[in-house]
Number of protein chains: 4
Amino acid sequence: MAPKIVDREEKKREIVMAAMEVFSEKGVANTKMIDIARAAGIGKGTIYEYFKNKDDIFINLFELHFTEIGNAAAEVMGRYDDPAEILQQFVEITVSFLINEDHNFAEIMLDIWAEGIREHNEEINRVFNLDAVYSQYRDVIIQILQDGVDKGTFCSMDTTFTASLFIGALDGILLQWLMRKDLFDSATLTDNFMKIFINGIKKEVVK
Amino acid sequence: MAPKIVDREEKKREIVMAAMEVFSEKGVANTKMIDIARAAGIGKGTIYEYFKNKDDIFINLFELHFTEIGNAAAEVMGRYDDPAEILQQFVEITVSFLINEDHNFAEIMLDIWAEGIREHNEEINRVFNLDAVYSQYRDVIIQILQDGVDKGTFCSMDTTFTASLFIGALDGILLQWLMRKDLFDSATLTDNFMKIFINGIKKEVVK
Amino acid sequence: MAPKIVDREEKKREIVMAAMEVFSEKGVANTKMIDIARAAGIGKGTIYEYFKNKDDIFINLFELHFTEIGNAAAEVMGRYDDPAEILQQFVEITVSFLINEDHNFAEIMLDIWAEGIREHNEEINRVFNLDAVYSQYRDVIIQILQDGVDKGTFCSMDTTFTASLFIGALDGILLQWLMRKDLFDSATLTDNFMKIFINGIKKEVVK
Amino acid sequence: MAPKIVDREEKKREIVMAAMEVFSEKGVANTKMIDIARAAGIGKGTIYEYFKNKDDIFINLFELHFTEIGNAAAEVMGRYDDPAEILQQFVEITVSFLINEDHNFAEIMLDIWAEGIREHNEEINRVFNLDAVYSQYRDVIIQILQDGVDKGTFCSMDTTFTASLFIGALDGILLQWLMRKDLFDSATLTDNFMKIFINGIKKEVVK
DNA sequence: CATGAATGAGATTTCATTCAT
DNA sequence: GATGAATGAAATCTCATTCAT
């Protein structure tokens with residue numbers, strides 16, 4: 001009995017991954033159920049055995065991804081002390097997720113954002129809550145920044161704005177990379193991003 | 001002999017503006033032709049007198065906006081000398097366009113980006129070319145940065161990456177603002193953005 | 001005042017001719033009012049100054065043509081005595097009308113026939129009555145054939161069927177010619193058609 | 001595992017037959033997809049599972065019919081020796097097909113012809129090629145006529161024209177019959193048609 | 001009179017979802 | 001469970017006709 005449940009979850013995951021593939025290529029709005037079914041190598045009707053509808057797949061994709069990246073971030077960030085180093089870790093994890101490990105996901109981030117800023121029905125808003133996700137991130141970053149300010153590493157600042165800028169800038173540079181993958185590689189991205197950002201907020205030492 | 005005289009370009013503009021209103025509220029994919037017709041206060045069929053289909057409206061919206069913002073940027077930026085000041089102008093123009101003057105457009109940027117990173121048919125790619133738009137911006141920024149480096153204001157850097165970061169970060173923070181308009185206002189955005197960015201790339205003076 | 005009326009009739013004729021041009025190229029069903037307007041070099045609305053609707057144009061075209069060919073036939077056929085010669089004249093007039101003088105009309109005969117065999121509303125049936133036109137022709141041919149039988153030129157026959165065959169065969173060979181105009185010319189058509197038909201019905205002389 | 005098994009070809013045939021029914025009543029141009037759906041007893045959307053659009057149905061109807069009549073003709077005509085007898089068989093098969101067995105098809109012939117003489121796009125011209133069909137028929141008839149000439153049964157003639165006349169006259173008399181089914185029956189049609197035509201081309205015996 | 005911009009009724013077409021097998 | 005044929009609601013799109021200028 002137990003293995004049955006594992007199979008079911010595994011199959012859902014397979015379908016979500018297939019959906020992600022198609023979403024990334026055509027965009028969420030232009031993806032038809034038949035496209036997902038074909039990509040998953042299953043029948044159209046079978047999808048409805050595992051998901052209520054297309055929105056449901058999208059929400060699952062959303063949850064799956066942010067759970068994973070959230071877990072990874074929580075785990076890794078806990079291991080460091082220096083605020084600048086923690087931010088660096090955050091950047092590396094994000095970049096690694098979007099560029100290296102989960103290539104297709106990067107391409108649908110925009111669809112997620114686009115959906116995220118609009119009003120939906122109760123059902124979707126409850127689960128698919130981009131604002132909540134970013135609030136969480138922002139709160140973590142705010143704490144790190146405050147820690148840095150307290151420790152005298154960072155200059156005094158509007159931590160809420162700076163946290164938003166950190167997150168926004170990271171997303172934004174990834175967006176640029178999506179459009180022109182040839183302009184720079186992921187190492188350049190991480191290194192230069194951190195250099196400029198940390199430089200921008202660090203306490204100037206008066207000599 | 002003389003039938004009603006209509007300024008076709010003006011009418012097209014009216015329809016595009018009405019479309020923008022609806023796009024910003026529902027998203028491009030969820031907007032129906034009838035929604036646009038109602039918003040424009042015209043009949044369903046009338047839209048087809050001016051546009052081939054929804055894509056055509058979208059492309060016109062794209063062109064209209066980037067022509068305007070491009071013109072505004074070119075005009076204002078020509079008036080300054082100091083690289084840091086020019087960047088500041090660029091930020092202010094962009095922020096002012098997206099937040100103050102052209103409120104609805106900001107909400108559609110995500111749809112534009114989302115479409116922009118995907119492959120389309122020849123026809124669409126020729127006109128709706130996000131990559132080309134950003135290339136143009138990037139080249140302008142690269143020159144400004146290089147100018148600053150040459151003048152000793154900015155530290156030596158990978159100007160291509162830094163330009164991409166500048167543009168990406170600006171878009172990214174605007175994105176954050178779209179989701180949570182209460183977290184900071186446009187003045188805070190411009191000031192702090194510039195402070196951190198300029199600080200991040202300026203030549204450190206050894207004393 | 002009087003010249004006004006002449007102008008009006010002349011303009012109607014112009015529109016009908018323009019319509020015929022387009023009908024022959026695209027088929028009646030696939031012709032749009034705008035096509036006719038463009039072909040006539042007038043505005044779309046102007047057509048409605050002269051015709052109630054598209055059907056009305058079609059009916060006028062029908063009447064115009066069959067009045068003309070009917071007049072021509074009546075006039076010329078009255079000048080001959082010999083039944084075979086009269087039939088020959090009938091063929092020549094028809095061929096000349098469809099092939100030489102009124103080229104476009106031949107191409108829409110099929111649309112006329114196609115419409116002619118179907119039920120329509122009262123209005124159309126009253127004016128656009130293909131059956132009546134053919135009945136008229138048939139009655140004329142029947143009389144000619146009967147005359148020939150009486151005179152001993154033609155063998156005894158079912159004159160109703162033979163008249164139908166004469167008309168049908170003439171239409172049919174013209175149809176073949178429409179599809180392949182290179183296979184034979186109008187002189188060959190007339191000569192051979194008459195030779196075979198007259199041969200087919202003439203009284204065999206026992207020697 | 002195994003969903004409903006449907007013979008796609010059989011279903012396509014059913015839809016084509018239903019379409020034929022409606023076409024014959026209203027004409028191809030005046031037939032709506034919903035009419036065909038209702039006639040076939042299926043949903044509007046189901047048609048699109050089997051056909052791309054109305055043209056596609058029309059083309060399939062064309063192919064289906066001419067394949068059938070072609071096969072029937074080839075089969076039966078192979079069984080006779082005497083040229084006059086073979087022509088008689090050809091007439092009987094055609095008449096039987098159009099009048100007796102495939103009643104509805106006769107009514108659509110005009111739409112087929114009307115479309116057949118016009119230019120279409122490559123795609124349609126390739127499949128829906130009336131000219132090719134008639135060329136085939138004509139070549140067969142030419143051979144039969146030549147055979148008769150060689151054997152001394154038929155007089156010397158322009159076989160290409162005569163073949164066209166044979167086919168055209170047969171179509172033409174059927175057209176007449178379509179308009180006035182009361183004027184003669186199919187037996188009269190076949191007998192008299194052959195009598196007159198054969199008489200018209202046979203070698204005159206000098207006594 | 002002449003016009004063509006505007007219209008909406010009605011056609012075509014798409015596609016998420018259902019459900020019999 | 002798995003399937004894909006069937007569906008019709010809802011979208012797109014067309015075009016004959018009207019009517020203000």
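These legends describe close-up views of a predicted model. Local features need pLDDT of at least 70, side-chain atom pairs count only at pLDDT 80 or more, and totals for chains, interfaces and linings use all residues. Residues are numbered from 1 along each chain as its sequence is written, chains are lettered from A in the order in which they are written, and side-chain values use heavy atoms, with hydrogens and water left out.

**View 1. Chain A as a helical chain.** Chain A has ten helices and zero strands. Helices (H or I, at least four residues) and strands (E, at least two) are DSSP runs, numbered from the N terminus. The C-alpha atoms fill a box of roughly 70 × 40 × 35 Å along the principal axes. Of the 207 residues in chain A, 52% are buried, meaning under 20% relative accessible area with a 1.4 Å probe and protein chains only. Contact here means heavy atoms within 4.5 Å. Among contacts in chain A between residues at least 6 apart in sequence, 68% join residues at least 24 apart.

**View 2. The surface near DNA strand E.**

**View 3. Polar contacts to DNA strand E.** A polar contact is a pair of N or O atoms within 3.5 Å. An N or O atom in the side chain of B:Lys11 sits 2.5 Å from a phosphate oxygen. For D:Tyr48, a polar side-chain atom is 3.1 Å from a phosphate oxygen. C:Gly45 instead uses a backbone N or O atom, 3.0 Å from a base nitrogen.

**View 4. Helix α9 of chain C.** The 21 residues of α9 (residues 159–179) should span 30 Å at 1.5 Å a residue, and the end C-alpha atoms are 30 Å apart, so the two agree. The expected span is 1.5 Å times one less than the number of residues. In α9(C), 20 of 21 residues are buried. At its start, a side-chain oxygen of C:Asp158 reaches to within 3.2 Å of the backbone nitrogen of C:Thr160.

**View 5. The interface of chains C and D.** Here 51 residues of chain C are in contact with 49 residues of chain D. The two chains bury about 4100 Å² between them, 65% of it on carbon and sulfur atoms. Buried area is the accessible area (1.4 Å probe) that two parts lose on being put together, summed over both. In chain C, C:Arg118, C:Phe161 and C:Ile196 lose the most area to chain D, together 17% of what that side buries.

How values were computed. Buried < 20%, exposed > 50% of the residue type's maximum accessible area, 1.4 Å probe, protein only. Polar contact = N/O pair within 3.5 Å; in protein donor to acceptor, adjacent residues only side chain to side chain.
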